[in-house]
Amino acid sequence: MAADSRAKAATLDLRRRLLSSSCRLFFPEDPVKIIRGQGQYLYDEQGREFLDCINNVAHVGHCHPVVVQAAHEQNLVLNTNSRYLHDNIVDYAQRLSETLPEALSVFYFLNSGSEANDLALRLARQYTGHQDVVVLDHAYHGHLSSLIDISPYKFRDLDGQKEWVHVAPLPDTYRGPYREDHPNPAEAYASEVKHVIHTAQEKGRKIAAFFAESLPSVGGQIIPPAGYFSQVAEHIRRAGGLFVADEIQVGFGRVGKHFWAFQLEGKNFVPDIVTMGKCIGNGHPVACVATTQAVSRAFEATGVEYFNTFGGNPVSCAVGLAVLDVLETEQLQAHASNVGSFLMEHLSQQKAKHPIIGDVRGTGLFIGVDLIKDETLRTPATEEAEYLVSRLKENYIFLSTDGPGRNVLKFKPPMCFSLDNAQHVVAKLDDILTDMEEKVRSCKTLRIQPNSVKHPPGSTGPGCRAATGSRPS
Ligand SMILES: Cc1ncc(COP(=O)(O)O)c(C=O)c1O
């Protein structure tokens with residue numbers, strides 16, 4: 001039976017019987033069955049079209065024909081592992097190297113963001129001879145055991161913090177301890193990292209690495225103050241550690257001004273390791289770690305082979321190359337910059353109109369809208385955000401929330417998202433917010449409709465939030 005000919009209820013029933021409930025659905029009360037994707041649109045089994053503002057994995061657009069064709073053509077000829085010489089892997093490494101600072105000149109290919117961050121951890125430990133890691137609060141770096149340990153977003157709900165993990169505050173100038181009125185929030189937040197390092201060192205701990213998303217997305221679409229990462233890098237390197245930039249959600253031109261989000265920090269800022277995933281393969285499992293010759297040599301010095309069965313196979317590399325081609329030929333980085341500025345501007349106009357919008361922040365097609373209950377305390381408007389997302393779904397728009405308060409609307413659509421799409425989403429957002437305000441004025445309780453987003457107890461924790469469901473993607 002073709003997968004798309006089964007009734008939605010039957011699919012749901014089978015899924016409930018055969019899959020773990022730990023693997024969650026978007027909109028758990030009324031899940032959506034998606035059977036086709038094209039560009040920035042997804043289609044359900046009844047042919048209804050949804051505008052996708054969530055999927056930063058389908059970077060150049062769902063099922064982009066150039067990417068699909070590249071995979072198909074390579075599949076017809078050969079797919080094998082990287083122990084044979086093949087041009088795709090070296091061409092791909094070369095093309096990626098052209099996007100990065102010269103020092104990041106050695107590449108490892110893998111299959112997922114988690115594998116990339118796990119290898120980054122191994123590289124850092126091998127190079128430094130140290131074990132410990134400093135991470136930002138609320139961060140998520142992957143689902144492997146090693147990464148759950150360095151992901152406060154997850155470990156706070158599990159075994160807790162390991163003795164080798166040290167957590168620094170998010171450099172959030174909207175809701176964190178140092179805000180927009182602070183004279184030097186970059187220095188203040190970097191000093192927090194320095195303090196965390198010193199406290200660890202006083203206990204005899206030694207720092208191998210600092211891990212951070214170049215723009216903390218899981219933490220709520222945070223834009224760190226300029227200068228923060230450079231100062232953190234100084235503190236970390238002084239402690240003998242390496243700086244790892246997780247570009248898994250935010251790389252490949254999404255931020256518009258630059259190809260890599262860490263480049264927002266300026267030309268002189270170069271991480272020791274950059275990890276890539278998600279959007280790198282437009283949905284095909286591809287990931288990469290880029291690092292320096294020195295770090296790579298220390299890893300090689302163990303004499304132990306790094307072998308990854310699927311990593312860097314000819315099909316994955318063909319896909320990665322095709323994604324780079326499309327980014328270039330369709331000028332999607334510049335497009336993200338234009339559409340992102342337009343979206344930011346229109347969302348900022350909504351902020352002036354609707355008091356629930358406390359902050360609009362972002363760059364390129366990485367934008368957060370922080371919803372608040374009150375201006376003074378900036379209390380996260382969690383239920384309102386959830387309600388809004390459910391109403392957008394009724395209007396055929398998929399959007400997710402993130403941040404510790406699950407109150408930040410997170411825009412990270414495929415990069416082909418258009419000006420018309422931006423206008424449409426903002427108009428719907430305006431309608432829904434106006435309607436919500438009218439309901440509040442007329443003292444009607446904001447009630448989430450059945451069949452939209454009411455969660456069974458326990459279903460809203462980390463790992464199930466996007467579109468009130470799910471997680472980092
Ligand atoms: C910032 C970040 N790093 C790492 C990962 C892990 O990537 P993957 O799910 O491909 O293993 C994710 C996934 O959500 C992520 O958002």
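Helix α10 is mostly covered, with 13 of its 16 residues buried. Like everything reported here, that comes from a predicted model. As for length, the end C-alpha atoms of α10 sit 22 Å apart, and this agrees with the 22 Å that 16 residues should span at 1.5 Å a residue. The N-terminal end of α10 gets its cap from Asn313, which places a side-chain oxygen 3.0 Å from the backbone nitrogen of Val315. Past the other end, just after α10, there's Gln331 with a positive phi of about 50 degrees.

Next up is α11, which takes in residues 332-353. Its 22 residues reach 31 Å from the first C-alpha to the last, close to the 32 Å expected at 1.5 Å a residue. The buried residues of α11 are Leu332, Ala336, Val339, Gly340, Phe342, Leu343, Met344, His346, Leu347 and Gln350.

Two packed helices are described by the angle between their axes and the distance between the axes. On the α12 side, the residues involved are Glu384, Tyr387, Leu388, Arg391 and Leu392, and they meet Lys428, Leu429, Ile432, Leu433, Asp435, Met436 and Lys439 of α13.

Tyr41 belongs to strand β2, which covers residues 41-44. Is Tyr41 buried or partly exposed? With a relative accessible area of 22%, Tyr41 is partly exposed, because the cut-off for buried is under 20%. Setting aside neighbours within four places in sequence, the contacts of Tyr41 are Arg36, Glu49, Phe50, Leu51, His62 and Asn421. With Asn421 there's a polar contact as well: the two side chains are joined at 2.9 Å. Tyr41 and Ile397 make another pairing across the sequence, 356 residues apart along the chain but 9.3 Å apart in space, C-alpha to C-alpha.

Methods. Residues numbered from 1 in each chain as written. Predicted model: local features only at pLDDT ≥ 70, side-chain atom pairs only at ≥ 80, totals over all residues. Heavy atoms only, no water. Helix = DSSP H or I, 4+ residues; strand = E, 2+ residues; numbered from the N terminus. Expected span 1.5 Å × (residues − 1). Buried < 20%, exposed > 50% of the residue type's maximum accessible area, 1.4 Å probe, protein only. Contact = heavy atoms within 4.5 Å. Polar contact = N/O pair within 3.5 Å; in protein donor to acceptor, adjacent residues only side chain to side chain.
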